[in-house]
Amino acid sequence: MPPRVLILRAPGTNCDQETAYAFEVAGGRTQSVHVNRLLENPRLADEFQILCLPGGFSYGDDIAAGRILGNQIRHHLADAMQSFKAAGKLILGICNGFQILIKSGLLLEDDPVSGPAATLVWNASGKFEDRWVRLNTASSKSVFLAGVETMYLPVAHAEGKFVARDEATLAALDTGGQLALRYAPLDASPGARADADVPYPANPNGSPRNVAGVCDATGRVFGLMPHPERHIDRTHHPRWTRGEGGDVGDGLKLFQNSVAYFAT
Amino acid sequence: MLWEVDIYAAEGQADLAAGRIRGDAADLGLAANLAVRAASGFLVEGPLDETAARMIADELLADRVVERAVVAPVGDERLTMPPGGEKRLVHVLMKPGVMDPVAQSALGAIADFGLRPDAVRTLRKYWLGELPDDKLKLLCQKVLANDAIEQVIVGPLRLERLEFGSPYKFALVTTPIRDLDDDGLMRLSREGQLYLKITEMRTIAAHFRELSREPTDVELETIAQTWSEHCSHKTLAGRIAYRDERGERRFDNMLKETIFAATQEIRRRLGDDDWCVSVFKDNAGVVRFDEQHNIAFKVETHNHPSAIEPYGGANTGIGGVIRDTLGTGMGAKPICNTDVFCFAPPDTPADAIPPGTLHPRRVVKGVVAGVRDYGNRMGIPTVNGAIYFDPRYVGNPLVYCGNVGLIPRDKSFKKTIPGDLIVALGGRTGRDGIHGATFSSAELTSESETVSGGAVQIGNAITEKMVLDVLLAARDRELFTAVTDCGAGGFSSAVGEMGAEIGAEVWLDRVPLKYDGLSYTEMWISEAQERMVLSVSEDTWPQLEALCASEGVEATILGRFVPTGRLVLKYGEHQVADLSMEFLHDGRPPTVRDAVYTPPPVVPLNVVPRADYTDALVKILSSLNVASKEWVIRQYDHEVQGGSVVKPLVGVVNDGPSDAAVLRPALSSRRGVVVSCGMNPRYGEFDTYHMAASAIDEAVRNCVAVGADPSRIAILDNFCWGDCDRSETLGSLVRAAIACQDIALAFGTPFISGKDSLNNEFSYLDDRGAKQTIAIPPSLLISAMGQVDDVGRCVTMDLKRPGSVLYQIGETRDELGGSHFALVEGLSGGQVPTVDAEKARATFAALYEAIHAGLVLACHDLSEGGLAAAVAEMAFAGGIGVHVNLDNVPRVANVDAVAALLFSESNSRFVVEVASDNAARFEAALAGNPLARIGETTSEQRLTVAASGKNAIKSELPHLKEAWQQPLRW
C-alpha cells in the first residue's frame, strides 16, 4: 500500500498542486485538505502517514511568514500533531511549510522560559528572491535526505534566514545533526561541508552556518526553504538546454525517500 | 481600551527598514547619516487587559527570538520614549478605509487566542535623529509615506478609537439634467466626475426628457460608467475618418474593421483547422491548447492609479488582470503573469520632476513591489516582461499586466440564464476606487491626487487566492452558469454586462460592506478589489454557499437576472434606478472623430565612420532598455506551479536575457506555453505603422526563438496613447492599427484580445503659471502566446560551446532610425525598421523546423542594439567567446556601412549557434531564406567582430557583462 499523504492547504497556500504531483510521481497517494477541515476534525490526520505543508503565503504571511497558521496549529492542533509524530509518521514543510513548522513549535520544541528555539527571519538582502542554490547534506539524521549528498534546487522566499535563540541552541542543533541541509558554494563537491559562512548569493538569505533545512530530534520532521518539488523534471533545471542535470530532477529523491520509508 | 504594540528589532538584530530609509535620505540629500530606528506597530481596540495585550504581542505580533515589543495603551509615555535618544518621532497610518490586509489577518489571528477585539490597524513608527522641519516634511513625503493612501502624524499619537464610518441614512438623490444647456451639461459631466462628452450628455438629457423625469444620481453614474472610454472603447470602436499620405479611409468601427477583421479572415482561411476559440468577446481571448484544455490570455493596463500610488496601482493592476482570466468562460486557472512597464529614467534629477509627480526611482520600486507582492502571493509565476525608459513617462508611467489561464475545453463558454441569482463572491465593498472607470478616461494633472485619491487602492492577494480556489472548485462542480470579474465600474459594470441581454434587479441593501455609511450609489460603483459576480440557479445556490463557507469566502445574493430588459436597482423598499438595458448598452451616440497622419520625412542619419565601435556597444548594453533586469526578475517567483521550462534568466550562471518564457501548465504533459512580447516606443516618432509592425515581428520572433510553432501564435494589442481628441494623435493610433491588420494577416497570426488606454498625458503649471502638458510617446505593446508540442525541443539564447558555427538569419538593412545606436550616439534621423512580412513568415517557419529537428544549440532574436548587442548577450550569457566577420552578414544591396551591419535593428533576424556537424543539415533546413555563416564560437572569453579584416569590436566578455548588469543592479 502506498503511503497516504495529507497536503495541508490554507488560505494563501500555493504550491499544493505541484507538491502533490511530486509525491504522486514518487508513488504516494495524496489528498489535499483545507486546514478548516482539520480544525473541525483533527483526527482526520490519523488516516495519513505523511503530512506535508507546502509552500505559499499562508494567510498572506501577514504579521510574519507562517505565524498565523503556526499559531493555529499551536492552539488547535497540537495534540493531533503530537500523536501524529508519536506514531512514527513523517512531516515535511517546504518553504512556507518550513516557516509554519518552525513557528508552530512542531519542528523544534519551545523552552518554557526562553520561548521558541529558533525562527526564520527576513533575508539579509531585505528582499524576496527566486534563485537556484547548491545544497549539501550535513548529517544522516533526516529520513528525507537518506542517500542524498547534494541537490541543486531553487529558493523563492523573503523570510528564510534561520536564526536560533542563542549560540548555544544553534551549536546543540548542529551537534545533534539537526541542521541537516546547508547552502554550499555553487561549485562545492557533493557532501563537502562548508563550515565557513557561504557568501551571498550561494547562501541566499544569510543563514548562519548556511542552514537551509532543519529536522527534529527524530529525523522524521523536516523543514527546508528550497523547493524540491520544483526540480523533479529534467526541464526544471535552469541549464537543461546546456545538457546539465539528470534525467529526473534532484528534488524527486526527497519525495521518494518519504514514500520508501513506509514501504518496508 | 486602545492598545498599541510597537515591534522593534531586538538588540543585535538588523533593522532593515531603518537601513533603507537612511539610504534614501542620503540619496535625496536630506541627511548624510541620519539616525533611524523603525518599528512596525499594531493598534488593537477592544476589551483587553494588559495581560491579554502582552500575550498577543509576544505570541502573535512579535517574534521573540529576534524582536522586542513595547505594549501600552495609546498615549502612554512608554510609547514615546526614544529607544536610542532620537529626537523626532513620526507615525504613518493608512488613511481610514484603505485596505490593510495585515490588520485584517491580525484580527482573525487574535480570535484564535479566544479573544475578540473590535478592530485592528497597523502603523509604522520611525524615530529619527535631528532634522529640521522642512527636511522632515520632505522625508515624510518622499520616503516614509504616500499621502494618497497614508497619513503622517509627527510626534505622539493621539487617537481615541479606530472604528469609523457612521450608519447610512437613505435619501434618494436626483440630478436635474433635462433643462441644462451645453455649459450646464459639461459642468455636470466634469464636476460629477462623469467625464462624458457633450453629445453624450445631450443624449442623456433627451432620454430623460422623453421619460418625463430627472435621473437619479445612480442612473447617471451607471450610464457614465457604461459609456466610459475604459468600458466601451468608444473612440477606437467609433466612427473615424482617417487621412494619410495614401488618401482617406472611413471606419464605422475602427477596431472591428482592422484588428478584429484580420482575425476573422485568418479564422476563415484556417477553416476546420481554426484554433481560435473565443476572441474579442470574453474577458480574455481563448485558443485551443490540447485535447483537454484551451488557454486564455489577457493584458490590461493600470497606468493612472500607478502614477499616484505605484505600489497599490501595480498591485491592483495584476490583481485585476488575474480576475479577467478567472472570469473568462466558466473560469480559467491562472498559470502565469507578464508585466511590462514604461518609466522615466530613474536617474532623472529630483529638481527636473514636475510638480505633483513621484520620482521615477520611487515609481519603479513601488510598481515592482506591487507586482511582486500580488503575483507571488497568488502563486502565479511572473515569467515575462520588459521595461522601457523615456522621459515622457515622468507623470504618466505605464503598467501593463498580463495573465494566461488554462481552462477545460468544455468550460470555455458561459451563459446567464433568466431567473438566475446574482451572487457576489469575495471581498467586501468599501469606498475604494470610486470613479476608477471614468478617472482613467481623464487626463492626469498635478491635482489628480486630491481629486481622485479615492480611485487608488491596495489589493489583498489572499482574498483573491481564496476566491480563485473556491471558484475553480465551483466551476468543476457546475455550481454556477456564468461568471465575470468586478473591475472598473464595479457591480455596475459586471451586472450590467452579464444582464445586458436579459435584465437585472439588484438589491443594494444586501451588499456586504467593509464599514457603514456607503450610499446606494457608492455600493453600486465602488471598485473594491477581489470581487467576482456569478449567476447561480436557485438549485445550486445552497451547494455554492456551503462550498464558500467551508473555505471562509463570502458569497452573497445581490439580486436576480429577470427577463425584463431593464436594470432595476433597489435599496430596501426604494427603487433607485430603472434603466432600459437597450439605452444603457446601445444608446450612446457614436463617437465621430477625425484622424490624420502625416509621416515625417525621412532625413538621413549621418554616422561618421570610425575604426572601432566597442565603445558604442558598451553604451548600448548599459542603456536602460537593454540593461539586465535581473534585479526585477529575481523578486518575482517565476517557478511556482512547477511547470517552468525556459526561465526569464538563462545561461551558464543563470543570468542571460531569455527571449521568451516556456512553461508546462499541465504537469503530466510535455506540451508547453510560450510567452513573449514586443514593443518599441522609439519607433513611433518615425512612423507608427512601422512601430506596430516591428512590435508584432519582435513578439513573434521572440516566441519562435525558443522553439514555438509560428502557426500557433496568438497575439494581443495594448494601445497606450495620448489624448485622442487631437486628430494627429488619433491618426498615429489608427495608422498603427492598420499595421496590426496588415501584419497579422500576412503572418497568419491572429489577435485574440486587446485593450486601449487613451489620455495618457500629464498636465501641470510651470514656474510661471503656464500649463504644460507631457504626452507619452505612442506605446503599443504586443504580447504573444505560442505553443510547443514537446518542451524538450526548446532552445535558449546562451551560447553552448566553443567550435560551433554562428549564423545570421534574415537580412540587415540600413535601418538605424530609432535605434539604440542612434540613442547612445545622440544621432537623429534615419530609416526606421520595416517588416517584410512574406520573408519573415517563411523565415519563422524554416527556423521552427530547424529547432524542432534539434539542429539549433542557441538562438537569439536581434532587437535593440542589433547584431552586436545580440551576439554580446549570447556570448556572456553562455560564457563562450565569439568571433564574427561582418563581411558575411546577409543584407540587402548597398548596405556596407559597418555601423549599420553592427547596430541596425532590422526586423525578422536571429543569430543561431549550430554544431559544426549539423551545419549542412541546418543550411538545408533554411534553404531559400536569407542566411549566412557570420562566425564561430571560441574558447576565449572574448568578443571580436571584424570588418574587412580589421576588428571593429574587441572586448572581454566580463567587461561587456558588467556594462550590461551594472545600471539596474539595485
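Two residues count as in contact here if their C-beta atoms, placed from the backbone, lie within 7 Å. Keep that in mind as you look around this predicted model.

**Stop 1: where the chains meet**

Show chains A and B together. The contact draws 44 residues from chain A and 49 residues from chain B. Now colour the elements of chain A that give two or more residues to the side touching chain B: helix 1 (16-25), helix 3 (67-86), strand 5 (118-121), strand 6 (129-137) and strand 7 (150-157). Which of them gives the most? Pick helix 3 of chain A, with 5 residues. If you colour this side of chain A by class, you'll find 18 nonpolar, 15 polar and 11 charged residues.

**Stop 2: helix 7 of chain B**

Next, select residues 217-226 of chain B, which form helix 7. Of its 10 residues, 9 are buried, so the helix is largely enclosed by the rest of the structure. Click along the buried ones: B:Val218, B:Glu219, B:Leu220, B:Glu221, B:Thr222, B:Ile223, B:Ala224, B:Gln225 and B:Thr226.

**Stop 3: a pair of crossing helices**

Stay in chain B and select helix 20 (residues 614-622) along with helix 26 (residues 866-878). How do their axes cross? They come within 10 Å and cross at roughly 70°. Angles of 65 to 115 degrees count as roughly perpendicular, and helix 20 and helix 26 of chain B are therefore roughly perpendicular to each other. To see the contact, show B:Leu617, B:Ile620 and B:Leu621 on helix 20, then B:Ala868, B:Ala869 and B:Ala872 on helix 26. By class, this contact has 6 nonpolar residues, with no polar and no charged ones.

How values were computed:
Residues are numbered from 1 along each chain as its sequence is written. Chains are lettered from A and ligands numbered from 1 in the order in which they are written. This is a predicted model: local features need pLDDT of at least 70, side-chain atom pairs count only at pLDDT 80 or more; totals for chains, interfaces and linings use all residues. Helices (H or I, at least four residues) and strands (E, at least two) are DSSP runs, numbered from the N terminus. Ala, Val, Leu, Ile, Met, Phe, Trp, Tyr, Cys and Pro count as nonpolar, Asp, Glu, Lys and Arg as charged, and the others, Gly among them, as polar. A residue is buried if 20 or more other C-beta atoms lie within 10 Å of its own, exposed if 12 or fewer, and partly exposed in between; C-beta atoms are placed from the backbone. Axes are lines fitted to C-alpha atoms, for helices over the stretch in contact, and angles run from 0 to 180 degrees between N-to-C directions. Angles under 35 degrees count as roughly parallel, over 145 as roughly antiparallel, 65 to 115 as roughly perpendicular and the rest as oblique.
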